[in-house]
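Reader: I'm new to this one. Can you walk me through it?

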Amino acid sequence: MTDTGVKRAAPNLRSLTAARVSLPMSGHSIATSEVLEFQLAHAQARDAVHAALDTEAFARRLRDELPMLAEQGVEVLTLRSCAVDRARYLRHPQRGRSLDAASAAVLKSMPCDLAITIADGLSALAVERNAVPLLAVLLPRMAKDGWTMGPVTVVQQGRVGVCDAIGERLGARCSLILIGERPGLSAADSMGAYLTWQPRVGRTDADRNCLSNIRSGGLNVEEAAERLMGLMKTARTMKLTGVALKEGAGASLLEG
Amino acid sequence: MLLRQSINGVTYRFDGLKELLAKATAARSGDELAGVAAQSAVERVAARMALADLPLKAFVEEPLIPYAEDEVTRLIFDRHDAPAFALVSHLTVGGFRDWLLSEYATGHTLCALAPGLMPEMVAAVSKLMRVQDLVAVARKIEVVRRFRTTVGLRGRLSTRLQPNHPTDDPLGIAAAMVDGLLLGSGDAVIGINPVADDVASTGRLLRLIDMVRTRYAIPTQSCVLAHITTQMAAMKQGAPVDLVFQSIAGTEKANTSFGINLGILKEANEAARALRRGTVGENVMYFETGQGSALSANAHHGIDQQTCEVRAYAVARAFDPMLVNTVVGFIGPEYLYDGKQILRAGLEDHFCGKLMGLPMGCDVCYTNHAEADQDDMDSLLTLLGAAGVNYIMGVPGADDIMLQYQSTSFQDALYLRETLGLRPAPEFEAWLAGDMPRQLGTPMQVQGIAAS
């Protein structure tokens, strides 16, 4: 082995945190191996941000892997936001919250308890990996609890607020959107789930409840489904979501 | 006031100072989002030409937001030091740029001038400056602040050690703290962004840092960057609060969206000073800012994001802070699209802050949805070092695993110190030369810290 001057400071603290501590260094600089590890993590995050969600293929997957949808006569629709590409999506948040004219025309009034939307957000990878497994756990529980479903919508270049435009057109009592979160270096596939009572255009994040970091290695789909059902039941009882709805309040309300 | 500029027979009109400033600004995705940016490259230069001919006095005559509507505007006008301003009151904005670059504008002169400058004047002149101007003028200005260390001396570069952890885990935080201290980080402050914004956990984290600081006799100050009201409540319960932190913005409405106002900041400043915990000085406030925050709260009043940012410095200046830093690339590409926009914004913020008389640092950073990478950060870091930045961040491997963005590493600060011949704050430099770092580097120290 050639001595290239790389040293790792003692003590080695790597086992104590996921942070990049005790890096091997050459002089005052980070050693080659770690520089490349960082670049790889960044590259994965960048690719996740720019990956496109193939909405048609994803809709087929939903129909194939979740036969419950067809059994209950639930349609799967593919929609587009007003952001025609990623550059415009990133620069103009408002466009990602509204539907383009053709998509809006597809949606007819269909009053229901819950409208489920799946959108790429900032990581198509996140919804490709986590949305179907989550729904596979959640849908049977919803059915058992008596929730009627509107069509499942799959949106390209969508932000969280697009669920308001969809829910309002459908006349849904409540909306659930599963969406890719901003990728970090440690995980590029985190999915968020936002619940909004009486979705309508103009709602803000203060009107929603959110579960974050749904992924393998983060919040697993079993626990996410459990917590979502808890939030949905409480929302139905209180007829609201948002800052006034605290997670965990459901049990006492329902028991009391 | 209607302003005009003719270029090749075409007349460009600007309806008031607000529009002129916005259109003179270097291209920014946030200003485009707000619909205030220049419509063409030539219109942008026309605005700069009109701005260059504008007397600085115009800003004393025309507030961007009506005085009655906004407490930040009232602060700016009520605190304006006319005798200090007299030195440059005869100049146009373009003339002011030339004067700043001349030998007349020494560091001493600029420090005396600061109270006479309104943020809009400072923002205006920065819009006429190139990157090298932003470096050359900022470099002249030495703003020194003290608590347990002396930060901002010429030839020195300090760092905020930022040992964040996604679950506020004491062991993980202690590991990042020890790693950073052993690499010479933490002389500006050891500051944790907590996950949980509650009084109990704020107190717990403050005691953790304070215990490390006292056990190893480290000359530095601590801070837990919870909401200011949470920190004040922790202080009332006897938590060891050194610096009080708050994010601030340049309009009353934006500050309201942060849950603060000038009265709350004043109360916090007085309460922290009364604890008399500093040893070499009593600057106790720590502020963070960033272009785009006012627009994101829909509280920008049609003002461009860079001018809003400098107005936030007027808020900071009123409380004689220890530390102020822009978190320049954190806000995302809808406000600063790429490495080029982040780089210029970081240098503008540093220059404008220093000219306003603030001890400016910078969180050199970006998110994964911005068009930027480590090369962009290295460029900004190096330019800020040349410009004399007071401090930068120290994050393990530049990867903040709690806030999910990339900042600067402990090694980045070592690179900058070595390359530009910069040294840590004197008190901290003496500590690094003593025996305590060796003790901190022996096995099981982290476990011992987390267990106590």
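**Chain contacts first**

Author: Three salt bridges cross the interface of chain B and chain A. A salt bridge here is a side-chain nitrogen of Lys or Arg within 4 Å of a carboxyl oxygen of Asp or Glu. This is a predicted model: local features need pLDDT of at least 70, side-chain atom pairs count only at pLDDT 80 or more, and totals for chains, interfaces and linings use all residues. Residues are numbered from 1 along each chain as its sequence is written, chains are lettered from A and ligands numbered from 1 in the order in which they are written, and side-chain values use heavy atoms, with hydrogens and water left out.

Reader: Which side chain meets Arg20(A) in a salt bridge?

Author: Asp399(B) does, at 2.8 Å, N to O.

Reader: Switching to rings. How many aromatic pairs are there over all chains?

Author: Five. Rings of Phe, Tyr and Trp (its six-membered ring) pair if their centres lie within 6.5 Å; planes under 30 degrees apart are stacked, over 60 edge-to-face, and the rest tilted. Phe96(B) and Trp99(B) have ring centres 6.2 Å apart and planes at 20 degrees, so that pair is stacked.

Reader: Where do Phe96(B) and Trp99(B) lie?

Author: Both are in helix 7 (residues 93-101) of chain B, three residues apart, about one turn of the helix. Helices (H or I, at least four residues) and strands (E, at least two) are DSSP runs, numbered from the N terminus.

Reader: Is Trp99(B) buried or exposed?

Author: Trp99(B) counts as buried, at 14% relative accessibility. Phe96(B) is buried too, at 0%. The cut-offs: buried is under 20% relative accessible area, exposed over 50%, partly exposed in between (1.4 Å probe, protein chains only).

Reader: What about Phe330(B) and Tyr405(B)?

Author: Their ring centres are 4.9 Å apart and their planes at 85 degrees, so the pair is edge-to-face. It links distant parts of the chain: Phe330(B) is in the loop between strand 10 (323-327) and helix 18 (339-355) of chain B, and Tyr405(B) is in strand 14 (residues 405-406), 75 residues apart. Phe330(B) is partly exposed at 30%, while Tyr405(B) is buried at 2%.

Reader: What lies over the face of Phe330(B)?

Author: Arg182(A), at 5.8 Å from the ring centre. The rule: NZ of Lys or CZ of Arg within 6 Å of the ring centre and within 35 degrees of the ring normal.

Reader: New topic. How many disulfides does the structure hold?

Author: Zero, over all chains. A disulfide is a pair of cysteine sulfur atoms within 2.5 Å.

Reader: Last one. What is the secondary structure of chain A?

Author: Ten helices and nine strands. Buried residues make up 51% of the 256 residues in chain A.
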